[in-house]
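Thanks for passing this one along. Could you open the model and keep it beside you while you read my comments?

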Amino acid sequence: GGWGRLMAAQSLTQDQLLEFETTGNVTLIHVTDIHAQLKPIWFREPEINIGVGEAAGQPPHVTGADFLQLFGFRPGTPEAYAFTYLDFVALARSYGRMGGLDRVATVVNAIRADRPDALLLDGGDTWQGSYTANATRGQDMVNVMNALRPDAMTSHWEFTYGVDRVNEIVETLDFPFLGANIFDAEWEEPAYEPYRIFERGGVRIAVIGQAFPYLPVANPRWMFPNLSFGVREERMREVVAQVREEEGADLVVLLSHNGFDVDRKMAARVPGIDVILTGHTHDALPEPLVVGKTLLLASGSNGKFVARLDLDVRDGALRGWRHKLIPVFSDVIAPDPEVAALIEAERAPFKAQLEEVLGTTESLLYRRGNFNGSWDDLICNALIEEREADIALSPGFRWGPSLLPGEPITREDLFNATAMTYPAAYRTEMTGEQLKAVLEDVADNLFNPDPYYQQGGDMVRVGGMGYAIDPNAPMGRRISSMTLLRDGSPIDPQRSYVVAGWASVNEGTEGPAIWDVVESFVKRKGVVRIDPNATVRVAGR
Amino acid sequence: AALAALPAGALRAAEHADVEAAIAAFAGGAPVKEGGVEVEAPEIAENGNTVPISVAAEGAEAILILAAGNPNPDVATFHFGKLAVPAASTRIRLAGTQDVIAVAKFADGSFGRAARTVKVTIGGCGG
Amino acid sequence: MAKIKPRVKAPKKAAVGEIIEIKTLISHPMESGQRKDSKTGERIPRKIINKFVATFEGEEVVSADLHPAVSANPYIRFEMKVPGPGELRFAWTDDDGSVYETSSKIAIA
Ligand SMILES: [Mn+2]
Ligand SMILES: [Mn+2]
């Protein structure tokens, strides 16, 4: 407890975390996938993150001890805590929570004190993921982020508030909402600003935005019916050529929500991009990955990290760089008082709802991992019991912070794992054959060897049913040995099963909100415990 | 996971004999080589009912478009006059994951073909 | 049925020899003939736009034979080289024999 924490915290200082040898003439600050986390959180990085095809075994598909070895970190250090799942609970108790936008503001301000014209770029998934964001339809996040004065943002979950709400907010922003790959679906013309040119340190910088390519597939299309997205590699080629040739850009930065592997492929195929600030897949890498002449940054999620990249740009070319992914240890970095006050003001109207304790968890609750996480196990258990289902499905979202064993589960914690705009917990019948088709479909979104076909989530979480998976098999042949856990019987392709789930992308899906289902379950149990999940057998592991 | 709209077959529909028959009819039995024509389409369809596609073939008089996995593979044939750039875009219906095929007829009487796979997915489980 | 209305986006001015982009849309259900009425269970008869023709000063620029696999509200985009000033005329032919027409003038810049 407190003792070890004091020791660990004392060995870190804010100055140390912010220490940076200023380099060149341009500074970029990157944050992404904050998912509406205004306050410091626990966030356990994944234990299982399988790469396929050319990405197999490559960062970011390296976890735990392999990660420490690859980047030269020792177990038990602040880096081990920030970047891996190893000894998570013990290290969390030592090092404390991460993030908090008031601490992020301190880091950003410190960088600006050093380089006043640094660009702050937000990779999107900023407005969604908390009780207050849901209640204000993103306004709390917009208000707090505005205080950090971003220079540009791109998007994904933003659009799940509906296109009208997005446009209403965009009108009010002092910075551009970029998306070169967002088109109007009727005339196929650009629907949002594709890029913005900035003059910094005598350098013309083009920041191109790329929204999440599969919004209409992974999220409800009916919420933004007249928009089309897509990877659109050809379009990116054209925009890069345009900013280089017509706009005279010396430096081309792609503020991307493609997902890391999609960006790795794009970097290799589209010439002329100097830096890709990746997002969506929530990876945190302590140093950039270099693909050809392009630097790829992976700056984590949930406000846990702030990336600083200094660039030396001379005669229209990138000559050198220095990077640091700054971990936001919330006990070490002082909150910015102005932003802290803003955050409290946003939360004040909802204080009672946020703080209500629903129960206690005996187990670590986390979400990240390719196949399951204990938060989703809890959600699936609740769906099966509360909705009297044989099988439960919970989407493979990557957002949602963690909770430590012994902690109370507040309504805020529950919403951190469930807050979104299509929460209906449906109950339906599916045949074994349909269940297999769903699992195969999602598995191909995750493990297609061509990154342009990857949607960047994790595998759908399954309760009440076990299965085996071979990520490297072709579509239709990855999933086998589907078993009903209740009695150990094999899933019958012809038989109907009662399936409960949530977050269907189909309009008009009916059912209580998932947070009501889980709240009722947790209140009934008082104390929840999640046993280690061994229901998914992964080939080769 | 979305539930209501499962595609007709989770696996790619087999190309049927109709496709080769349609190509042979268009080419009047002449040989059709690979390439010389471009097909552009999204990697994954956002909506199987309206998939944007583009075709282009320098020097083409006409381009035939087929959807190999639809119950009826016929989609459209574009004819280009002297003022036209031999390229066109439209939006099409795809019953499931399949190849969109373009066959170009050139002024010299030769033919070329190309295909692009478009995935139609259940969707709904992103992150 | 909603009113069938063609729409065209084409430049009003161009230089001689310039390549311009033309986009067309026509509101039409493109009833494929495969669908069944959800109430009666009866097959809904096919009714599609089966032909599109664009001409410039009477000369055919692009034409297309369309099948039921073309989406509702058919969208067609093409490019042409402008030989001089003149009028683009567009015609869509329905299975029922109706022809829907519109036009667009191009001046020389
Ligand atoms: Mn995200
Ligand atoms: Mn995302």
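My notes follow as numbered points.

1. **Confidence.** Please keep in mind that this is a predicted model. The predictor assigns the complex an ipTM of 0.92 and a pTM of 0.95. For chain C, the mean pLDDT is 95, with 98% of its residues at 70 or more.

2. **The metal site.** Which residues hold the manganese ion (ligand 2)? Its protein donors are Asp125(A) through OD, His156(A) through ND1, His257(A) through NE2 and His280(A) through ND1, lying 2.2 Å from the ion. Along the chain, these donors follow the spacing D-x30-H-x100-H-x22-H. His156(A) and His280(A) link distant parts of the chain, being 124 residues apart. His156(A) sits in the loop between strand E5 (152–153) and helix H9 (163–172) of chain A, while His280(A) belongs to the loop between strand E12 (275–278) and strand E13 (289–291) of chain A. Both of these histidines, His156(A) and His280(A), are buried.

3. **Where chain B meets chain C.** The contact draws 23 residues from chain B and 28 residues from chain C. About 2100 Å² is buried between chain B and chain C, and carbon and sulfur atoms give 52% of that area. On the chain B side, Leu83(B), Arg91(B) and Arg93(B) lose the most area to chain C, together 35% of what that side buries.

4. How many salt bridges cross between chain B and chain C? The rule finds zero. As for secondary structure, strand E5 (74–80) and strand E6 (84–92) of chain B each supply at least two residues of the side that touches chain C. The largest share of that side, eight residues, comes from E6(B).

5. **A closer look at Asp312(A).** This residue is found in strand E15 (residues 305–314) of chain A. Is Asp312(A) buried or exposed? Asp312(A) counts as buried because its relative accessibility is 17%, and the cut-off for buried is under 20%. The side chain of Asp312(A) makes a polar contact with the side chain of Arg314(A), at 2.9 Å. Leaving aside neighbours within four places in sequence, Asp312(A) is in contact with Gly24(A), Asn25(A), Ala317(A), Leu318(A), Arg319(A) and Gly320(A).

Terms used. Residues are numbered from 1 along each chain as its sequence is written. Chains are lettered from A and ligands numbered from 1 in the order in which they are written. This is a predicted model: local features need pLDDT of at least 70, side-chain atom pairs count only at pLDDT 80 or more; totals for chains, interfaces and linings use all residues. Side-chain values use heavy atoms; hydrogens and water are left out. Donors are N, O and S atoms within 2.8 Å of the metal (3.2 Å for Na, K and Ca); water is not among the atoms, so sites may look incomplete. Helices (H or I, at least four residues) and strands (E, at least two) are DSSP runs, numbered from the N terminus. Buried means under 20% relative accessible area, exposed over 50%, partly exposed in between (1.4 Å probe, protein chains only). pLDDT is the predictor's confidence in each residue, from 0 to 100. Contact means heavy atoms within 4.5 Å. Buried area is the accessible area (1.4 Å probe) that two parts lose on being put together, summed over both. A salt bridge is a side-chain nitrogen of Lys or Arg within 4 Å of a carboxyl oxygen of Asp or Glu. A polar contact is a pair of N or O atoms within 3.5 Å; within protein, one must be able to donate a hydrogen and the other to accept it, and residues adjacent in sequence count only if both atoms are side-chain atoms.
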